[in-house]
Amino acid sequence: MLTADNSTPPITRPAIAGPVRFGYTAATAKLFDEHPVPDGESPGRVVRVDRNRLLVAGADALWHLPYPARGEVPATGDWVWLGANAAGERAVVGVLPRHSELSRKRAFEASSDAQVLGANVDVVGVVVPVDRPLTHNRLERTLVAAWDSGATPLVIITKADLADIADDVVGKVILQAAGVAVVTTSAEQGDGLDELLGHLPAGGTLVLLGPSGAGKSTLINALAGHDAQDVGPVRAGDGKGRHTTTSRELVPLPGGAVLIDTPGVRGFGLFDADDGMDEMFGDLEELFGQCRFADCAHEREPGCAVTAALAGGTLDMRRWESYLKLQRELAALNRRHDAAARRAYQREWHQKVVVAGKSQRAAERYSQEQAVERRGGDGKRGKRKRS
């Protein structure tokens with residue numbers, strides 16, 4: 001078939017067969033063409049990572065396969081080459097480079113390792129339910145990680161039919177998530193679902209982040225058009241729910257898009273999120289450039305644009321404190337990674353202690369000298385002369 005100018009129309013279907021239901025497109029097929037591996041026979045995508053097996057989608061089937069013999073364990077959403085191992089069994093023989101990666105610091109505080117929540121994600125949906133108080137710091141923290149992943153953040157308001165304060169919550173979120181699109185949904189009534197899907201590219205991947213009981217599973221079922229996830233009750237006392245989702249898994253959506261559900265996360269430790277901080281707190285970066293001194297600590301220096309903005313009310317103190325807290329967290333994580341940074345930090349604090357000690361001793365000497373002068377200059381009380 002020829003077009004109006006007698007040219008052959010471009011091929012829009014993938015060149016090699018792959019898991020179309022799980023986001024495989026012509027662009028993905030090109031990625032496989034650009035990254036061949038020895039013994040790679042067909043494309044696949046990791047649907048779920050279990051304790052010692054992978055659930056991988058091929059062109060026409062799902063396979064439970066062992067972890068690759070070499071390299072790191074793939075994450076949910078990874079594109080992989082399928083082939084055969086030495087025993088002739090189907091196996092993962094290669095993992096393609098990721099165009100995005102949503103990570104967080106592992107849950108236990110002493111660790112500085114990254115936990116990959118989803119690979120090759122196009123949109124990170126930060127779920128905010130209206131039936132509980134809005135946690136500003138949590139929202140900012142999650143949006144920082146979303147920006148840093150390489151995907152596009154999207155705030156998804158859920159349960160809009162349950163509360164009369166939905167408009168108020170939406171207004172606060174829009175102010176808090178400057179530059180990020182906000183979609184209001186009601187899974188029970190089907191409101192906002194088409195608008196939400198409109199933010200996904202063809203064959204795109206959406207990952208949902210939010211606390212337990214935020215309505216993620218109900219939203220997924222509404223988007224998928226069937227009961228893809230179990231739905232659990234929410235406690236009336238605190239609005240919290242149990243973890244109905246226990247693992248990260250790809251869920252195909254009508255139209256070729258894919259969704260990754262994640263278990264409810266109580267905390268979201270940042271992992272190497274400098275780019276995300278620049279996106280989320282770009283207004284503060286502009287303020288830093290207006291300070292009189294390039295090395296301004298934004299405390300008591302004259303000509304500090306930050307202190308002026310705080311005093312004038314154009315910068316919210318809560319937002320500034322949130323920024324400082326996230327920066328301290330990232331600095332601590334970097335010190336655990338980098339021995340040189342850790343030693344520099346220790347030297348800095350040692351110097352501060354030394355200076356503080358000198359200042360304290362100088363103050364004590366000054367106080368003693370003043371007392372001596374008041375007593376007559378020799379440290380002894382002068383005798384009163386008799387008349």
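This report walks through a predicted model, from the whole chain down to a few individual residues.

## Ground rules

Because the model is predicted, local features need pLDDT of at least 70 and side-chain atom pairs count only at pLDDT 80 or more, while totals for chains, interfaces and linings use all residues. Residues are numbered from 1 along each chain as its sequence is written, and side-chain values use heavy atoms, with hydrogens and water left out.

## The chain as a whole

The chain's secondary structure comes to ten helices and 13 strands. Those are DSSP runs numbered from the N terminus, with helices being H or I of at least four residues and strands being E of at least two. Of the 387 residues, 41% are buried; buried means under 20% relative accessible area, exposed is over 50%, and partly exposed sits in between (1.4 Å probe, protein chains only).

Take the contacts with a separation of 6 or more: residues 24 or more positions apart account for 62% of them. Contact here means heavy atoms within 4.5 Å. The accessible surface is about 21900 Å², and 50% of that belongs to carbon and sulfur atoms. Those areas come from the Shrake-Rupley method with a 1.4 Å probe, and for residues only the protein chains shown count as cover.

In soluble globular proteins, nonpolar side chains tend to be buried together. In this model the largest nonpolar core has 27 residues, and the ones with the most contacts inside it are Val 124, Leu 139, Leu 143, Val 155, Ile 157 and Val 173. A nonpolar core is a set of buried Ala, Val, Leu, Ile, Met, Phe, Trp, Tyr and Cys residues joined through side-chain atoms within 4.5 Å. Several elements supply at least two residues each, including strand S8 (123–129), H2, strand S9 (152–158) and helix H3 (166–176). A second, separate core of 19 residues includes Leu 200, Leu 219, Ile 220 and Leu 259.

Helix H2 runs over residues 136–148, and its 13 residues should span 18 Å at 1.5 Å a residue; the end C-alpha atoms are 18 Å apart, which agrees. (The expected span is 1.5 Å times one less than the number of residues.) Its buried residues are Leu 139, Glu 140, Arg 141, Thr 142, Leu 143, Val 144, Ala 145 and Ala 146. Just after H2, Gly 150 takes a positive phi of about 95°.

In H8 (residues 305–312), the buried residues are Ala 305, Val 306 and Ala 309. Looking down the axis of H8, they fall within an arc of 100°, so they line one face of the helix. The arc is that of the directions from the helix axis to the C-beta atoms. Gly 313 follows H8, with a positive phi near 85°.

## Positive phi away from glycine

Asp 39 has a positive phi near 70° and lies in the loop between helix H1 (26–34) and S1. At 57% relative accessibility, Asp 39 counts as exposed.

His 298 also has a positive phi, near 60°, and is found in the loop between helix H7 (282–288) and H8. At 17% relative accessibility, His 298 counts as buried. Leaving aside neighbours within four places in sequence, His 298 is in contact with Phe 288, Cys 291, Cys 304, Val 306, Thr 307 and Trp 320. A polar atom of the His 298 side chain lies 3.4 Å from the backbone oxygen of Cys 296.

Thr 205 is in strand S11 and counts as buried at 1% relative accessibility. Thr 205 and Asp 122 are 83 residues apart in sequence, yet their C-alpha atoms are 5.2 Å apart. The side chain of Thr 205 makes a polar contact of 3.1 Å with the side chain of Arg 45. A polar contact is a pair of N or O atoms within 3.5 Å; within protein, one must be able to donate a hydrogen and the other to accept it, and residues adjacent in sequence count only if both atoms are side-chain atoms.

Over in strand S1 (residues 42–49) sits Arg 48, buried at 16% relative accessibility. Its side chain is joined to that of Glu 249 by a polar contact of 3.4 Å.
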